[in-house]
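Biologist: I am new to this protein, and I would like to be walked through it with care. Could we look at the structure together?

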Amino acid sequence: MKPVRYEEYRPIERPSYHEEMEAVVAEVARRTRASVERESVGRAVRAAHAKTYGLLKATVTVGDNPGFYGQGIFARPTAYDAVVRYSNGLGHHRPDHQLGAACGMGIKLFGVAGPSLLDDEPDSGTFDLNLINNEVFFANTAYDYMVIEDLFAELPEALVDPARRKTWMAEFLTRRQTLTDPDSWLWDELLAMLSFTAVPRRNLLSYTYNSMGAFRYGDHIAKIRTVPTAASLASLAHPIVDVRADNEAFRRTLVAEAAERDHSFEVQVQLNTDLARMPVDNTSVKWPEDLSPWVTVARVDLPRQDIGGHDNLAAADATSITPWRSREEHRPIGEIQRVRQEVYRRSSIERHRINGQERREPVGSAELLG
């Protein structure tokens, strides 16, 4: 099928969006400030992806991509210096067995031409991919996020406690009784949230990581993911992480794998070919692969390296990753993507302020990792 053209997409404009978005931003800022005492690690942490597992030097190599796939930064063969940050998706800094297995892979490319979409750093030269090891997301509007963010903060305890589980899911489904018509209940979103509980605990280098939200892809629309190469996956010496035996199993496994051998991922895109069956504004619905396959457009190579020091965790924690550190050819689209733009920016500003960290984009991997 022929890919949908970008100009065919029409954003949904709701009159209450800006008021709801400001409420979300205010709540995330409040939660960030409260995290200093709540998480007891001596600093403010992110409202999501609070616990980092490591920062790795990388090279992102763009292939010779034909036709529809040769768009934006993927239009011609080139290689970029980069870093990759791994993290846990929840907003808590705890032992791994007290967290779920939803984990993120953030990729930051350096030396990318063109102005950034972030107004306060137009000439940074950096370009981020913000990915997670699940295919769908659990909020699609600013209002959903405003209510769900509070419920999200109760995880993972809310779904572990039998007494709270049913009421928590009922509050999620009905947006805390604000949705009275069963036809409007958040079924897609609830199923998306519950799908995160099915993610197995494995080596961070073994997961497929997804953008979940859609992006402009030059003349078209796409989602992006990374998939470990077959050779890299076969080479893993520590495929399973045992969080009961080791409170820091994800990090220790990542440190060991990084020190022992090289690893690699394919960067793939899935072009939108049907706006009805591949909705942009509902990130809780998986885009069918029979309508559009995933196609490799680049490769991420992680050379063997030592990331075991505390300085590595400090560098990882200070590294900001947002889908809006992008270019016009890859503009994030959909309401929840617009929410992320301001939430991520304001959260980062607040966290860096509290922690006394300079908020400035690095110019290359050597600045972060030496």
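**Helix packing and backbone details**

Modeller: The axes of helix H4 (residues 162-173) and helix H5 (residues 187-195) come within 9 Å and cross at roughly 135°, where axes are lines fitted to C-alpha atoms over the stretch in contact, with angles from 0 to 180 degrees between N-to-C directions, and helices are DSSP runs (H or I, at least four residues) and strands likewise (E, at least two), numbered from the N terminus. This is a predicted model, in which local features need pLDDT of at least 70 and side-chain atom pairs pLDDT 80 or more, while totals for chains, interfaces and linings use all residues. Residues are numbered from 1 along each chain as its sequence is written, and side-chain values use heavy atoms, leaving out hydrogens and water.

Biologist: Is H4 parallel or oblique to H5?

Modeller: Angles under 35 degrees count as roughly parallel, over 145 as roughly antiparallel, 65 to 115 as roughly perpendicular and the rest as oblique. The axes cross at roughly 135°, and therefore H4 is, relative to H5, oblique.

Biologist: Which peptide bond is cis, with omega near 5°?

Modeller: The place to look is the loop between helix H2 (142-152) and helix H3 (157-160), where Pro-156 is found. The cis bond runs from Leu-155 to Pro-156.

Biologist: Is Met-212 buried or exposed?

Modeller: Met-212 lies in the loop between strand S5 (209-210) and strand S6 (214-217), and has a positive phi of about 65° although it is not a glycine. Buried means under 20% relative accessible area, exposed over 50% and partly exposed in between, with a 1.4 Å probe and protein chains only. At a relative accessible area of 5%, Met-212 is therefore buried.
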